[in-house]
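Hi,

Here is the structure I promised to pass along. Have a look at it first, and then read on for what I found.

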Amino acid sequence: MALPPISRAIRSIARSTGLSRNTIKKYLKVESPPSYQRQAPPVRHKLCDGFDLRLQDLFDQDQKRPRRDRRTAVRLYEQLVVEGYTGSYSPVQRFVRDLKRAGAGSGEAFIPLHFAAGDALQFDWSEERVVLGGIEQKVKVAHFRLCHSRKPFVMAYPGEAQEMVLDAFVQALSFYGGVPRRVIIDNPNTMVTYVSRSKDRIFHPRFLALMNHYVMEPVACTPAAGWEKGQVENQVQFLRGRLFVPMPAFDDLDALNNWLRLRCEELANRAHPEQSDRTIAQLFEDERAELRPLGRAFDGYVEKTVRVRSTCLVQYASNRYSVPSRFAGQHVSLRAYAGRIVLVSGQDVVAEHKRHFTRNVSYFEPWHYVPLLDRKPGALRNGAPFVDWQLPDAMHRIAIIRIVECSLILPECELCFTRHFEPCQNSPDISAVYSLARAIEQAPRTGART
């Protein structure tokens, strides 16, 4: 604020500015406004008793480790406390900060990367927290990024199992509508089974089958060298803040994935980081022309041979699934997909279930047990597969006719009426009745009389 001319009385200046006369006199005696000067340096606690040397040694050890394995200042402080340090965390934090600044001049240098259109796709996993069906839980999110256009794609799964990896690639390539020439990945055991000293890789047979199906070249990064696929590494952090903070809430995983797919399309409308005059979506349209045709989708399952128990159940990943009773005691092929379980005998699919990720639960298809009712009719009352089973209307109609016929032939079968139409042992070939009812229920309603 400009002061009035010096000729004015100090009292008048004080009145107009609201400052004290002493303050005005001090301003008039100096050419520049006075500034605060610290009389003594601030008192700070310092590392003592040799802990500074110990911390220096721990820091130097960490510099020889991969970046992901290096300890933070908090972890270094906790290590010093274990060794007898009684000071506060602040001196340790300042010491580590100064060490990092001192070494900043000799830090790592990187070479900018360039990718041609349709050349490469990067892939990585992340772990996020979401609310599904009102329950907070962790999910694994598969991240994909086309390196030229920077088009993202993400999809959530309950885990990182082999079948999840296969399904993620199938979904991503379907989303992009084409196949790039290479895919840059980490070294998880679902993709890479062995890394030699010369950095040669042995890829997992099922993952290699996926690559051969789409004619893509897998390129595995050097272990702990995330900068080799830096685009998708940065995408993980960026999308975590955009999509998963605060935690999204949905009824189930399918609803979450539908929302993620829409958000990926929206995020593609941002400006491209290297060509700011164009959007990511516009560059993707150019890159799409360079992608190879998609062709038939890969059948992404993991197969194992299992034995059907006497209870007509097979087990997979802590849960049990039913199989038609005629396969009890036999071996069948179980094909695990990301969202379903398929049982195969020879070339025939004999059962299919929605996949569940609970623990120690049995999932029944009641029709698998119907043939057993010929010999065990009482099981219809308390059999676990029939609990809360809603019979089709056709079953009730046929059951009434069958019971009436049975009671006319064998009067003692009138007991059936008092057992809520439960068939008794005197009613022959009851499984045929159930099969007929199911056929009637599934038949198209043409209005014709059967």
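Helix 6 passes helix 7 in a right-handed crossing; bear in mind that this is a predicted model. Helix 6 covers residues 162-176 and helix 7 covers residues 205-214, and their axes come within 10 Å and cross at roughly 15°. The cut-off for roughly parallel is an angle under 35 degrees, so helix 6 counts as roughly parallel to helix 7.

Which residues make the contact? From helix 6 there are Q162, V165, L166, F169, V170 and L173, and they meet R206, F207, L210, M211 and Y214 of helix 7. Sorted by class, the contact between helix 6 and helix 7 has 9 nonpolar residues, 1 polar and 1 charged.

The other spot to look at is D124, which lies in strand 1 (residues 120-132). Is D124 buried or exposed? With a relative accessible area of 10%, D124 is under the 20% cut-off, so D124 counts as buried. The side chain of D124 makes a polar contact of 3.2 Å with the side chain of K229. Leaving aside residues up to four places away in sequence, D124 touches V141, A142, H143, D186, V232, E233 and V236 as well as K229.

As for the whole protein, there are 13 helices and 15 strands. Of the 450 residues, 38% are buried. Taking contacts between residues at least 6 apart in sequence, 57% join residues at least 24 apart.

Cheers

Notes
Residues numbered from 1 in each chain as written. Predicted model: local features only at pLDDT ≥ 70, side-chain atom pairs only at ≥ 80, totals over all residues. Heavy atoms only, no water. Axes fitted to C-alpha atoms, helices over the stretch in contact; angles between N-to-C directions. Helix = DSSP H or I, 4+ residues; strand = E, 2+ residues; numbered from the N terminus. Parallel < 35°, antiparallel > 145°, perpendicular 65-115°, else oblique. Left-handed = near helix turned anticlockwise from the far one by under 90°. Contact = heavy atoms within 4.5 Å. Nonpolar A, V, L, I, M, F, W, Y, C, P; charged D, E, K, R; others polar. Buried < 20%, exposed > 50% of the residue type's maximum accessible area, 1.4 Å probe, protein only. Polar contact = N/O pair within 3.5 Å; in protein donor to acceptor, adjacent residues only side chain to side chain.
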